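Biologist: Could you take me through this structure, one topic at a time?

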Amino acid sequence: MNTPAAANRMVAPALTATGSDGDTVAEAVDVTRVFGDGDAAVRALDHVSVAFGRGQLTAIMGPSGSGKSTLMHCMAGLDVVTSGRILIEGNDISDLDDRRLTSLRRDHLGFVFQAYNLIPTLTAQANITLPLDIAGTRVDQAWFDQIVDTLHLRDRLTHRPHELSGGQQQRVACARALVGRPSLVFADEPTGNLDSKASADILAFLRRSVDDFGQSIVMVTHDPGAASYADRVLFLDDGRIVDEMHEPTTARVLQRMGTFELARHS
Amino acid sequence: MWRVTLRGLQGHALRFLLTASAVMLGVSFVAGTFVLRDSIDGSLSNLFSQAFKGTDVSVRGAAVGDALTEGIVIDPTGASSTTRPGVPLSLERKLATVPGVARVVPNIQGTAIIAGKDGLAVRSGGAPGLGFAYDPSDPAFTLIKGSAPTGPSQVLVESSTLAKAGLQVGDRTIAVIGNQTRPVTITGEVSFGSLFGATAVLLDDATARRAFAPDGTVASISLTAAPGTSQETLRAAVAGVLPASAEAVTGEQLAQDGEASLQSGLGFFTTFMLVFAGVALFVGSFIIVNTFSMVVAQRTRELALLRAIGASRRQVMTVVLAEAAVVGAVGSLLGVGFGLLIAAGAEKLVSTLLGVELGAGLPLGVPTVLWSVAVGTLVTVAAAVLPALRAARTPPVAAMSLDAGAAPAGLRRRGVIGGVALVVGIVMLAVGVTRIDAQWGLAGLGSGLCVLGVLIAAPLAARPVVRAVSWPFELITHTVAKLARRNALRVPRRTATTASALMIGLALISGTAVLASSAKASITDIVSVELTSDFVLSGGASPVPETVAPRAAALPGVQSASALSGVDVHAGSFSSIATAITATGLADNFVLSTVSGRLDSLGGHTVLVDASTAAARSWHVGDTLDATVGTLTRQRLTVGGIYADSAGFNSHVIVDRSLYLAAAPDTSRRDIGVYVRADPGADLAAVRAGLVGLVQPYLVVSVQDGQEFAAAQGASIDVLINLLYVLLLFSVVVAVLGIVNTLALSVFERTREIGLLRAIGLRRRQLASMITIEAVATAVFGAVLGTVLGLGLGVALQHGLASRGLGVLAVPWSLVVTLLVSSALVGVVAAALPSIRAVRLGVLEAIDSV
């Protein structure tokens with residue numbers, strides 16, 4: 001891509017930045033998400049404000065029920081916030097109707113899910129270009145080739161999902177997320193169903209797409225090893241951002257998670 | 001296990017409701033048929049107990065030869081028939097002297113029609129206008145208003161007839177009584193109960209005798225027994241004094257006979273309805289199979305878990321079958337309710353089509369409910385057996401695997417079996433119908449095999465047909481249509497089963513349509529080729545009065561006017577209704593080709609025979625037959641000529657009119673029509689005007705030229721065909737439910753995929769389009785198979801019937817196009833509900849669902 005990768009990696013936005021500058025691709029401003037009401041109300045996000053840097057791989061970590069998935073869903077326009085604002089490329093998406101949200105997801109966001117979520121009736125190639133096909137946009141063939149070759153999917157393009165291994169399916173899902181040059185890719189436990197070798201492949205690719213293509217990625221994960229590929233790790237607990245870490249390593253993340261557990265149990 | 005069954009039903013309430021409605025539609029036909037039959041039975045026993053009130057013994061002409069039942073003969077006295085000679089009125093006095101006879105009432109009866117307020121004849125459907133002598137002591141009729149008629153210009157009119165006429169007691173109108181038209185005054189109103197649509201006019205005794213028994217004979221004489229004398233005792237006593245030409249029967253016997261003959265006519269209608277009930281249930285069973293297969297597939301993990309924790313195969317199977325039983329029973333009960341509606345509709349249909357009013361309401365008997373529920377439940381359970389077996393075979397280990405969907409089995413074996421069945425079927429059908437004497441057993445078996453073959457091989461046809469159907473959509477909305485096509489072809493077997501329901505319905509409709517339009521075209525063709533009459537005078541269901549033909553012949557510009565009628569002829573084992581006409585009438589109006597002898601030899605006891613009868617009986621020109629003609633026994637008939645079989649002239653023997661006049665008693669003569677040939681060069685418009693003026697007083701007689709006559713024949717087919725379409729529409733409704741069901745299930749199955757598509761940017765409208773295109777593709781797939789199958793079978797059957805009057809093949813292309821287009825609409829309608837469901841799915845919930 002155009003943006004020099006190295007320069008991008010150096011950018012580290014403030015932990016709770018509320019303004020939107022050129023280096024912020026998406027931003028949550030004082031976001032609260034409450035499920036249910038009355039006594040049964042659960043506050044999944046509690047006044048969260050966070051900015052995601054352009055050309056960065058941001059990992060979101062936290063114990064189960066910490067609100068990490070909810071945060072991602074709200075950021076991605078898949079879920080609505082109870083209060084607060086979500087900005088994508090500086091545009092407030094909190095009040096958009098379903099039609100506009102759909103267009104936003106289609107044209108500006110990419111998704112990688114834990115369970116691959118490919119369309120079983122389509123070939124790998126058709127799955128990759130599906131968002132562009134739905135939008136009726138022409139596929140940038142050079143870009144498509146670059147992604148496919150990077151992911152080593154060239155000889156799998158005509159295969160159906162059930163003919164692919166889990167790792168291959170997830171690579172197809174990654175290609176699909178990137179093919180439309182989205183502003184931001186959301187990856188929800190992308191390695192949750194994969195063995196260590198396949199996981200490493202996927203994470204290396206995500207890393208590479210940030211470094212080489214300047215892609216912005218937000219990844220929710222349980223795995224400290226996966227988080228170590230990120231530029232920055234956000235730690236959520238009880239619907240709040242409790243910490244963040246730059247240039248993480250597996251050991252440091254593991255250690256930090258451990259303190260969570262201690263805090264929880266004390 | 002019951003708890004699992006109930007939970008299963010609760011969890012999939014909607015889909016089971018849809019399945020139950022399919023069962024409901026099928027069962028409603030069964031229930032409706034039973035209700036209608038009970039209603040007919042009730043009305044009939046009512047009618048006959050009314051008609052024979054006071055008749056303990058009836059004296060009638062002894063039967064000559066075998067009685068022939070033709071169509072629906074409405075005749076409440078059960079006495080008139082061309083095969084019986086009249087009973088002389090002179091017997092009246094003799095019968096009165098028989099010990100045990102309390103009362104003697106000759107049944108003086110004939111045709112009588114009055115003009116209503118609008119000046120047109122009062123009649124409905126095919127039921128006749130009856131005229132009787134009024135006898136105040138006859139308990140069958142009750143005078144409820146006015147006074148008894150005296151003299152030839154006074155009549156009593158039965159209540160429902162009076163209502164139809166829009167007239168009141170005291171009004172004056174025109175009546176056609178026997179052969180005479182005269183102005184009459186209505187002096188009173190009598191009630192009779194249900195006449196099954198017939199009209200009734202009563203005259204004073206002397207007038208009735210003059211009009212209906214001019215030759216001194218009547219169809220029958222009713223006797224009432226003195227108190228203490230049983231019907232049988234009286235019958236025996238009366239039989240002793242009767243001449244050989246007459247016989248005595250008890251009133252009970254008469255009522256039974258009459259009821260039986262009417263029932264055989266109306267029984268056709270109920271049989272007809274049962275056939276459609278069968279079709280609807282058959283079509284419904286496809287839906288049941290599909291629903292249970294899909295539910296079982298979706299619940300593989302749940303069922304496997306049951307197996308893993310120790311449930312036996314039998315128990316798993318029981319769970320599925322028990323669900324089917326509950327669904328079947330619920331659907332059947334709903335069907336009984338719906339059946340009452342259908343029966344009400346059918347009664348309406350019977351009354352408008354056949355002019356038969358059923359007065360017994362809608363009796364819902366316990367047997368009706370039991371039978372309907374039993375049939376519906378059994379069909380449902382039987383249809384669920386295959387899916388239940390599949391469920392029972394679920395390996396316990398399937399509970400552990402994430403991917404529950406089994407790999408689709410190959411279709412090759414199915415294709416081979418279906419293909420072979422289809423080819424063998426086509427060959428059998430082709431051989432069956434191309435034989436000179438069509439082999440209907442072979443043809444029927446062949447047709448069955450064809451249907452079966454298509455049903456089995458249908459999944460193979462799914463790919464090309466669905467591809468072709470979705471092609472135009474792919475031009476408009478490429479990706480959405482492609483997704484839809486792929487979805488439709490994901491499990492070709494399922495798509496084919498779904499489409500099969502529609503296929504069967506449309507095969508029946510299009511096959512029927514081919515036969516119907518061929519029949520219409522053939523009639524028109526036959527009439528235009530074989531009928532050379534300039535005009536035909538006919539009275540519909542009523543006979544043309546005997547005086548019409550001679551008076552028409554006397555009109556200026558008329559070359560000949562010939563009455564045509566029918567008479568029973570028996571010769572040895574041969575029995576047929578012969579056409580009676582004069583040689584001139586035959587030559588002037590009908591084109592028959594001579595095989596041997598001379599057709600103009602018709603006259604006196606010289607008759608003509610068609611070629612196939614002559615061949616079958618080894619009759620040759622010059623042979624003499626010992627035959628019974630109408631009431632004349634031991635007649636020596638000479639074969640004067642043999643004519644080629646004719647579809648238009650649909651009778652095996654032609655006798656001279658003079659023989660008919662001698663053989664048929666006055667009371668039973670019925671001229672079916674009068675065929676008029678104009679002088680060469682005559683002004684046809686003037687001749688027509690003359691004929692119209694002549695028949696006007698007869699109320700019921702109309703004048704038609706050849707084309708109009710042909711069109712009128714075709715119109716009667718139209719009525720029948722429309723009835724068929726309405727009934728077949730039910731199977732289409734069942735088919736729509738099937739598509740709804742399958743789509744709803746597959747939307748459910750694909751929840752995660754739908755969630756993903758929405759997440760990556762598929763709009764709601766695009767999602768709805770995708771489901772709609774899938775439905776349209778499925779529906780059109782079924783319609784194409786069904787239409788092709790129906791057209792094929794229709795054309796084959798037409799070929800087989802070519803020698804029986806269906807010589808012209810007419811394919812109703814406009815109907816075919818309509819069917820295909822409306823099947824696409826069927827798809828759109830069927831997709832509505834599943835689309836709404838899919839669109840309402842939350843993106844997140846959908847993605848997170850397992």
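**The contact between the chains**

Modeller: In this predicted model, 19 residues of chain B are in contact with 20 residues of chain A.

Biologist: Which helices of chain B each supply at least two residues of the side that touches chain A?

Modeller: They are α13 (478–488), α21 (751–759), α22 (764–800) and α24 (843–848) of chain B.

Biologist: Which one gives the most?

Modeller: That is α21(B), with five residues on the side of chain B that touches chain A.

Biologist: And how do the residues of that side divide into nonpolar, polar and charged?

Modeller: On the side of chain B that touches chain A, seven residues are nonpolar, five are polar and seven are charged.

Biologist: Now to the sheet. In what order do the four strands of the open sheet in chain B lie?

Modeller: The order is β3-β12-β1-β13 in chain B, and the pairing is antiparallel.

Biologist: Why is one side of β3 and of β13 in chain B left without a neighbour in the sheet?

Modeller: β3 (101–107) and β13 (246–250) of chain B stand at the edges and have a single partner strand each, so one side of each has no neighbour in the sheet.

Biologist: Over how many bridges do β1 and β12 of chain B pair?

Modeller: Strand β1 (residues 57–61) and strand β12 (residues 220–225) of chain B pair over four bridges, in the antiparallel sense. Within this pair, B:V59 stands opposite B:I221 of β12(B).

Biologist: Which helix packs on the sheet?

Modeller: Helix α6 (residues 231–239) of chain B does, and it touches β1, β3, β12 and β13 of chain B. The direction of α6 makes about 175° with that of β13(B).

Note on methods: Residues are numbered from 1 along each chain as its sequence is written. Chains are lettered from A and ligands numbered from 1 in the order in which they are written. This is a predicted model: local features need pLDDT of at least 70, side-chain atom pairs count only at pLDDT 80 or more; totals for chains, interfaces and linings use all residues. Two residues are in contact if their C-beta atoms, placed from the backbone, lie within 7 Å. Ala, Val, Leu, Ile, Met, Phe, Trp, Tyr, Cys and Pro count as nonpolar, Asp, Glu, Lys and Arg as charged, and the others, Gly among them, as polar. Two strands pair if DSSP finds at least two bridges between them. Axes are lines fitted to C-alpha atoms, for helices over the stretch in contact, and angles run from 0 to 180 degrees between N-to-C directions.
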